[in-house]
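User: I want to learn how to read a few features of a protein model. Please take them one by one.

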Amino acid sequence: MNYTASPQRYQEMEYRRCGKSGLKLPALSLGLWHNFGGIDNFENARNILKLAFDKGVTHIDLANNYGPPAGSAEETFGQVLKKDLKPYRDELVITTKAGFYMWEGPYGEWGSKKYLVSSLDQSLKRMGLDYVDIFYHHRPDPETPLEETMAALDLIVRQGKALYVGISNYSATDTEKAIKILNDLGTPCLIHQAKYSMFDRWVEGGLLDVLETNGTGCVAFSPLAQGLLSNKYIKGIPADSRAASGRGNGALEQNRITEENVNKVIKLNDLAAQRGQNLAQMALSWILKDPRITSVILGVSKPEQLTDSLECLKNTSFSESELQEINSILA
């Protein structure tokens with residue numbers, strides 16, 4: 001049976017302008033870091049992607065190494081695009097990245113022009129696309145000159161392989177340098193993708209200020225600390241959880257489920273209940289309260305988790321006392 005998108009898909013989603021650009025992204029985006037690889041159930045991944053689009057989640061976030069195995073998340077997305085979403089390509093913002101290890105030899109990772117151009121060519125083939133909407137450099141390269149890496153991003157836009165470019169995991173200082181180089185080249189840095197959650201607030205130490213000053217958007221990943229900021233681990237580690245999966249590739253490990261973290265989660269969970277939310281919803285709302293955040297990337301393993309997360313949009317404001325209590329719990 002052919003897929004037809006919901007005619008109500010744009011009625012409940014909030015869209016935020018990405019910095020000073022003309023592009024808007026949904027407040028919640030779908031990330032394919034985990035649960036969309038070759039080791040995962042294809043029909044489940046397909047159902048999540050279709051549901052996301054039906055709910056107005058137009059931004060799909062990938063990277064060359066997502067899986068596992070590396071590259072397989074892009075292949076999965078390419079299959080779903082071909083089977084279901086191709087008629088809606090112009091309604092989708094599809095992103096990918098390069099920077100981490102992908103193949104053997106000196107050209108298979110980091111930030112050289114050789115690697116970035118080759119990697120994107122491979123990604124486009126895996127997904128069956130002529131171009132991506134946003135292409136990111138995934139992590140800073142300590143050995144390649146920043147000018148070369150940014151020139152590669154500029155080249156990729158001029159080649160028509162990406163509409164916009166961004167960076168990920170860069171410090172505030174390096175972000176400022178990258179933005180200046182790209183501006184001088186005539187290809188602005190659209191967006192920075194950074195890890196941000198109640199348990200990881202490093203972006204508040206200067207990065208968000210740099211992005212705001214330069215009119216660059218910010219998209220947050222791992223907003224639930226890969227499931228830690230939910231009620232999933234309050235009573236132990238479930239057998240079907242990410243922490244128990246041992247899947248690697250940056251997934252949550254059992255050693256993160258400490259007594260100290262669980263105690264914080266319990267207190268945060270109580271506060272969320274007072275707000276009429278579950279903990280995951282409150283953790284997402286807490287990030288979205290900041291207007292400098294363009295979008296938050298969701299990582300889900302089941303369609304119902306996506307539906308539950310979307311409920312956070314009903315309450316993204318916090319009282320001063322709530323914010324003080326959260327800071328006290330996290331201290």
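The dialogue below covers helix packing, a pocket and some backbone features.

Analyst: This is a predicted model, in which local features need pLDDT of at least 70, side-chain atom pairs count only at pLDDT 80 or more, and totals for chains, interfaces and linings use all residues. Residues are numbered from 1 along each chain as its sequence is written, and side-chain values use heavy atoms, with hydrogens and water left out.

User: How do α2 and α3 pack, and at what angle?

Analyst: Two packed helices are described by the angle between their axes and the distance between the axes. Here α2 (residues 72-85) and α3 (residues 113-127) pack at about 40 degrees, with axes 7 Å apart. That makes α2 oblique to α3. Angles under 35 degrees count as roughly parallel, over 145 as roughly antiparallel, 65 to 115 as roughly perpendicular, and the rest as oblique. Axes are lines fitted to C-alpha atoms, for helices over the stretch in contact; angles run from 0 to 180 degrees between N-to-C directions. Helices (H or I, at least four residues) and strands (E, at least two) are DSSP runs, numbered from the N terminus.

User: Which residues of α2 and α3 meet?

Analyst: E74, E75, F77, G78 and L81 in α2 meet S123, R126 and M127 in α3. Contact means heavy atoms within 4.5 Å.

User: How do the axes of α8 and α11 cross?

Analyst: Helix α8 (residues 259-274) and helix α11 (residues 320-330) have axes that come within 9 Å and cross at roughly 170 degrees. That makes α8 roughly antiparallel to α11. From α8, the contact uses K264, K267, L268 and L271; from α11, E322, E325, I326, I329 and L330.

User: What lines the second largest pocket?

Analyst: Rolling a probe the size of a water molecule over the atoms shows where empty space is left. On a 1 Å grid over the protein atoms alone, a pocket is an open set of points where a 1.4 Å probe fits, with protein on both sides within 12 Å along at least five of seven lines; lining residues have an atom within 4 Å of a point. This pocket has 13 lining residues, with E12, M13, K55, L310 and E311 nearest its centre.

User: Where are the backbone features, and what is the phi of S222?

Analyst: Most residues other than glycine have a negative phi, and most peptide bonds are trans. S222 has a positive phi of about 55 degrees. S222 lies in the loop between β9 (217-221) and α7 (242-245). The G67 to P68 bond is cis, with omega near -10 degrees. P68 and P69 are also joined by a cis bond, with omega about -5 degrees. P68 sits in the loop between β4 (59-61) and α2.
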